[in-house]
Amino acid sequence: QVQLVESGGGLVQAGGSLRLSCAASGPTGAMGWFRQAPGKERKFVAAISWSDSAYYEDSVKGRFTISRDNAKNTVYLQMNSLKPEDTAVYYCTARKLLVISTRPHTYDYWGQGTQNTVSS
């Protein structure tokens with residue numbers, strides 16, 4: 001069983017930046033990030049395949065960048081130009097398959113979540 005440990009969340013003003021990291025306890029296939037705002041369902045943010053192909057949800061394109069270091073079993077999410085609507089709990093996720101998915105039920109492993117709050 002692979003464990004995922006997230007770090008880097010916090011409080012930032014609108015227009016600021018945050019960088020999330022997620023370390024896996026072992027090798028995985030595709031990795032990604034989802035987020036869940038209070039009272040809402042968990043939604044896809046970004047994902048990256050084993051071969052570094054990335055895919056983003058429309059509202060974060062051009063602002064967020066996902067990357068990974070396979071040697072460290074780690075995925076990163078650089079978030080720039082943050083908006084109050086980006087406020088949510090961000091979850092790291094990973095799957096055994098190498099290719100990207102945007103559907104949460106297709107992922108095998110989940111982190112505990114990290115709160116990101118963007119103030120206006």
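Tutor: Arg63 is found in the loop that lies between strand E6 (54-56) and strand E7 (64-69). Strands (E, at least two residues) are DSSP runs, as are helices (H or I, at least four), and they are numbered from the N terminus. The model is a predicted one, in which local features need pLDDT of at least 70 and side-chain atom pairs count only at pLDDT 80 or more, while totals for chains, interfaces and linings use all residues. Residues are numbered from 1 along each chain as its sequence is written, and side-chain values use heavy atoms, with hydrogens and water left out.

Arg63 has a relative accessible area of 10%, and is therefore buried (buried means under 20%, exposed over 50%, and partly exposed in between, with a 1.4 Å probe and protein chains only). The side chains of Arg63 and Asp86 are joined by a polar contact of 2.8 Å. Such a contact is a pair of N or O atoms within 3.5 Å; within protein, one must be able to donate a hydrogen and the other to accept it, and residues adjacent in sequence count only if both atoms are side-chain atoms. The side chain of Arg63 also reaches the backbone oxygen of Ser81, at 3.0 Å. When residues up to four places away in sequence are not counted, Arg63 touches Gln78, Met79, Asn80, Ser81, Leu82, Lys83 and Asp86, where contact means heavy atoms within 4.5 Å.

E7 and E8 pair in the antiparallel sense over six bridges; two strands pair if DSSP finds at least two bridges between them. Within this pairing, Asp69 stands opposite Thr74 in E8. The two strands E7 and E8 form a hairpin with four residues between them, and Asn73 in the turn has a positive phi of about 50°. Strand E3 (residues 18-24) is likewise joined to E8 by six bridges, and these strands run antiparallel.

A search of the whole structure finds one cavity of 30 Å³ or more, and about 40 Å³ of space lies in the largest cavity. On a 1 Å grid over the protein atoms alone, a cavity is a set of points where a 1.4 Å probe fits but cannot get out, whereas a pocket is an open set with protein on both sides within 12 Å along at least five of seven lines; lining residues have an atom within 4 Å of a point. Grid points are joined across faces, edges and corners, and a volume is the space filled by probe spheres set on the points. Among the residues that line the largest cavity are Asp69, Asn73 and Thr74. The lining divides into three nonpolar, four polar and two charged residues (Ala, Val, Leu, Ile, Met, Phe, Trp, Tyr, Cys and Pro count as nonpolar, Asp, Glu, Lys and Arg as charged, and the others, Gly among them, as polar).

The largest pocket has a volume of about 230 Å³. Strand E4 (31-36) and strand E5 (43-48) are the elements that give two or more residues to its lining. By class, that lining has three nonpolar, three polar and six charged residues.
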